[in-house]
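Please keep the sequence and the structure in view while reading.

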Amino acid sequence: MQYLLIFFIVFLPSSLYASCPRYSWDETVTLKKINDGDTVTLENGRLVRFIGINTPEINHRNPSRSEPNALEAKALLERYLRPGDKLHLVFDKTKQDKYGRKLAYVYSKTGRNLALLQLKSGLAKHWVIGKNDKLWRCFQDAERKARLRKKGVWSGFKPLRATRLEKSDKGYAYISGRITDINKNKKGMILRIDKRLIVSISSAKLKIFKKNGIKLLLHEKVLLSGKLIFSRGEPKLTIYHPAQMLP
């Protein structure tokens, strides 16, 4: 059955998310060193990975071979942090990743949200892993502004077009197009983008969209992010969270 209007996604005016909500600190720790743009080491040796962002990777053996903007992302943190500084941590639903790193929203001693700083500077991309999405709205807005200004990692940004997807495009990708078909069943929802890309959302994940009061019209233009695969010759993408739909 086709739905002309469904609870799915709509991006509210960016002014509503110009700054992130403030939370009480869950823990205050001491910085030992900055590893890269999204990871720091504490005085006790514990690693802390910033929630909600991914910065380019540094090649620690040969920094000159690091990904573009990786050293700049680290340098940005070094402008605001020094070894021995106090950092404030705010936790979300999941406090540790599979590598044993502590997961947190990290704030400088003066209360500056460091992940938000990276996003605004165009030196990080926003993503939601698992259930850690407390600040996804304001993070997405900060990323959008940097992307529209073509700052940092967005300087040469050109999303793939759904109509022109090829097997060589497999992997994490940004894809643009229009929703040309919407079908819902007990397992969830299937979208067609430009009559080519198949986008699936499970019924469990649809609850996140509905909880956020998110809507989408058929024929709406969308910009998607996620892991693109090909199955039986058809391009497919799975959506786990509204953050994968970029404004």
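The lining of the second largest pocket comprises seven nonpolar, five polar and five charged residues. In this classification Ala, Val, Leu, Ile, Met, Phe, Trp, Tyr, Cys and Pro are nonpolar, Asp, Glu, Lys and Arg are charged, and the others, Gly among them, are polar. The lining consists of 17 residues, of which Arg49, Asp97, Arg101, Leu103 and Ile129 lie nearest the centre of this pocket.

The model is a predicted one, in which local features need pLDDT of at least 70 and side-chain atom pairs count only at pLDDT 80 or more, while totals for chains, interfaces and linings use all residues. Residues are numbered from 1 along each chain as its sequence is written, and side-chain values use heavy atoms, with hydrogens and water left out.

The largest pocket is lined by 33 residues, and Val128, Gly130, Tyr240, His241 and Gln244 are those nearest its centre. Two or more lining residues come from each of helix 3 (136-148), strand 10 (171-185), strand 12 (197-202), helix 4 (203-211), strand 14 (221-231) and strand 15 (234-238). Helices (H or I, at least four residues) and strands (E, at least two) are DSSP runs numbered from the N terminus.

Grid points are joined across faces, edges and corners, and a volume is the space filled by probe spheres set on the points.

| Space | Volume | Lining by class |
|---|---|---|
| Largest pocket | about 780 Å³ | 13 nonpolar, nine polar, 11 charged residues |
| Second largest pocket | about 330 Å³ | seven nonpolar, five polar, five charged residues |
| Largest cavity | about 30 Å³ | seven nonpolar, three polar, one charged residues |

One cavity of 30 Å³ or more is counted. Among the residues that line the largest cavity are Ile51, Tyr105, His126, Trp127, Asp133 and Phe139.

The protein chain as a whole contains four helices and 16 strands. Its radius of gyration is 19 Å, close to the 18 Å that the globule rule gives for 247 residues, so the chain is as compact as a globular protein of that length. This radius is taken over C-alpha atoms, and the globule rule is 2.2 Å times the number of residues to the power 0.38.

Note on methods: On a 1 Å grid over the protein atoms alone, a cavity is a set of points where a 1.4 Å probe fits but cannot get out, and a pocket is an open set with protein on both sides within 12 Å along at least five of seven lines; lining residues have an atom within 4 Å of a point.
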